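Please examine the sequence and the structure shown here before reading on.

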Amino acid sequence: MEIIILLIVLLVIVLAVAEIRRSLITKPVFALFKRILPPLSDTEREAMEAGDVWWDGELFSGRPDWQKLLDMPEPKLTEDEQAFVDNQLAKLLAMLDDFKIVQQDRDLPKQVWDYLRKERFFAMIIGKEFGGLDFSPAANSYIVSRIATRSISAAVTVMVPNSLGPGELLTHYGTKQQQDYWLPRLADGTDIPCFALTGPEAGSDAGAIPDEGVICKGTLDGEEVVGIRLNWSKRYITLAPAATVLGLAFKLYDPEGLLGDKKEIGITCALIPTDHDGVEIGDRHFPLNQSFLNGTTYGNDVFIPLDWIIGGTDYAGKGWRMLVECLSAGRGISLPALAAASGHVTQRMTGAYAYVRQQFGLPIGVFEGVQEAMGKIGGTNYTLESMRRLTINALCQGKSPSVVTAMTKYHMTEMGREVMEHAMDIHAGKGIQLGPHNYLGHSYMATPVSITVEGANILTRNLMIFGQGATRCHPYVLEEMKAAANPDEEQGMRDFDRLLVKHIKFAVSNVFGSLWMGLSGSRFNETPVSGETARYYQHLTRMSRGLAMASDISMLMLGGDLKRKEMISARLGDVLSHLYMASAVLKRFEEEGRQAADLPYVHYAVQHHLHKIGQAFDGFFRNFPNRPVAWAMRVLVFPLGNHFSQPADELLQDISSDMMKPGVTRDRHTFLCYWKEEESDPTGHMEMAFLSMLKLKDVYKTLRKAQKRGELSANLNGQELADAALEKGLVDKDTAEELARTERLRLTAIGVDSFAPGIIEHNQFYTTKGDLRKAAVRD
């Protein structure tokens, strides 16, 4: 006992006395830290330092302040934004015929292009002082999502000018002269922008772009000036075929020292009119049968003045930092908006179809195999919408959280793919036969586009989420890295010493905290609410503490190798991501007034995310290279075993049943889905059939009983069924008329489009008047 007390006293003295601590602990640890510090390229360092830490920092700390999350105000549309949604957006949606856009014209109609320009759909992020709409991220997300439920091609066309590109870069970094000239032209649609970053040799590794500019003297408008001679080859550039102004990213060099002593200046962004000498807009791509404009651009020995650099010469070489700081729009708004649209459409339309489509005299939605897929659609859509809202909350606060937007982009696009696949499974032939009534086909084909762009999902998961999160979100690591990189080694060691003491306390508390929470089942953790969701906060706090502990140990044991152990680090990234998604679900539940009808969705979503966290930890422990340490971490996080299981079948059945009920809950969960009450409308015909059949559900029960008794033929449908029912006295005249209308709607809803010979072969779906060739189409 005396020996233990003596050791504790010695430890306290070592830690408390600065000189002793620095000599015995800090100095060797500082040397070790510098040795194992993962090497960072310039682009990696700039990406690491860009953006903000937000709720992700709370989750990474092991001590999330749940009340802080719940107190964040929910973003609301302003009066101007709501008026735009009610008028301009509503008119645009009614104008869109996606089948014609994709299958016939391969482009938006001229009247739609003109309307988008006139109503400034391309200027949502441009300030009102320049003629733009100056809409919030909440409005931007809502508008793009709503358009995407009607037409992915139209949504992408609108989202790109409002995402990473000239408009945003000029707003944040442009000179006054550049802003005064270009922003009004972009706002009123005089100019259409595109941004050229990706090339044949540089995709997700944008820092490897081979495109280059050399500062030199050249002739412009008959005068010799100092400028840049550019060469580039870019592909996958959305809106390039229609662009009048090209944003270009390239590596800038100054071999003659015309700007200063630095020869390799770095990645730079410039703005170039596409009619400038030497600029070539090349061929058009055809991205998975979608009709948004996408193509190539080239330039060979193109000479531009220095003042075409966005931000002027002061921003030469700062292009990568500019791009990373502005990437939140694409990763946090645009692509997640497309995924949210998939969730809303699949939940509303699949619920309707599962009731309208009947087999063995019953809606297919009552069969358990279908219920499982439906439940996953509804439960996943609840997370999709929750995640969209929470990330928009950060952006509306003026934050640019790089880790949060990376998580949002990756997981929402993956969940969008999942719900679309479940919906296609349920719709079967209805989903795969393309035609004017197919509301799934084009979106299903477009899903991999979102997966691929703005950083391919494989890279986002394996390198970005935890790779940035481990340093950006950790309370001390980034500052320790800066201290280790300080050229003044003595000052660096003093800074490191100060941080090290805090880091040790943090790490020790996480070790014992993880063990205690595991042994106590999290029951002593604080929770900001009571009721059925209270336990979820306690479990999530425990998993947050486990993540903090496992991250510290991983960085200590693996050092720079952790960067290359992508499958190891990605699993810790998955833990962080599912903590974030579960947080979003719980916050939404509170924001919407703790609706009892939402509880099956909330239970499914949070239990699913806890199960995924458990799976990620299990994979991490099983594959961690140091086996004794892996075993110790597993004991600390799950001392009594991992008991987070998949949601019960009953929850899937509750959700699927709810999806086949009209009402407030269904409307709240699918409010982004567009439809209009017309039989020819792609989604309207299904909605009308669903509501009409529900209204007559007792009539259909009566008819099925009559069929079983042999009083009515089981082969009758449509008008014949209504006439026979009236003749047998099973319905009155008014009900028979309503039944005939409902049967017409039902047959249209379960039918698929087919075309007469020659129509598909010659792409003659529409007449010169623009109407579908009704004589050639058979439902």
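## Confidence of the model

The structure is a predicted model. The mean pLDDT of the protein chain is 88, and 87% of the residues score at least 70. Over residues 6-15 the pLDDT remains under 50, and the model shows 7 contacts for them beyond four places in sequence. Residues 774-779 also have a pLDDT below 50; this stretch has 16 contacts in the model beyond near neighbours in sequence.

## Strand S4 and its partners

Strand S1, residues 193-196, runs parallel to S4 and is joined to it by 4 bridges. Within this pairing, Phe195 stands opposite Gly247 of S4. Strand S2, made up of residues 212-220, also pairs with S4 in the parallel sense, over 3 bridges. Here Glu212 has Lys251 of S4 as its bridge partner.

Strand S5, residues 264-273, runs antiparallel to S4, and 9 bridges join the two. In this pairing, Phe250 stands opposite Thr268 of S5.

## Cysteines

How many disulfides does the model contain? The count comes to 0 disulfides, the criterion being a pair of cysteine sulfur atoms within 2.5 Å. Cys216 counts as buried because its relative accessibility is 11%, where buried means under 20%. Cys269 is buried as well, with a relative accessible area of 1%.

Which residues of helix H27 are buried? In this helix, which covers residues 649-659, they are Leu651, Leu652, Ile655, Ser656, Asp658 and Met659. These residues lie on the same side of H27 because they cover an arc of only 160° around the axis. In an α-helix there are 3.6 residues a turn, so residues three or four places apart point the same way. On the other side of H27, Asp649 and Glu650 are exposed.

Asn642 is placed in the loop between helix H26 (627-637) and H27. Is this residue buried, exposed or partly exposed? Asn642 is partly exposed, because its relative accessible area is 35%, which falls between the limits of 20% and 50%.

The surroundings of Asn642 include residues from elsewhere in the sequence. Leaving aside residues up to four places away in sequence, Asn642 touches Gly614 and Gln615. Gln615 is 27 residues from Asn642 in sequence, and their C-alpha atoms are 8.9 Å apart in space. The side chain of Asn642 reaches the backbone oxygen of Gly614 at 3.3 Å. The Asn642 side chain also reaches the backbone nitrogen of Phe644, at 3.2 Å.

Thr683 belongs to the loop between helix H28 (664-669) and helix H29 (684-695). Thr683 is buried, because its relative accessible area is 3%, below the limit of 20%.

What does Thr683 touch, residues up to four places away in sequence not being counted? Its contacts are Arg150, Met349, Tyr439, Tyr674 and Trp675.

Technical notes:
Residues numbered from 1 in each chain as written. Predicted model: local features only at pLDDT ≥ 70, side-chain atom pairs only at ≥ 80, totals over all residues. Heavy atoms only, no water. Buried < 20%, exposed > 50% of the residue type's maximum accessible area, 1.4 Å probe, protein only. Arc of directions from axis to C-beta. Pairing = 2+ DSSP bridges. Contact = heavy atoms within 4.5 Å. Polar contact = N/O pair within 3.5 Å; in protein donor to acceptor, adjacent residues only side chain to side chain. pLDDT = per-residue confidence, 0-100.
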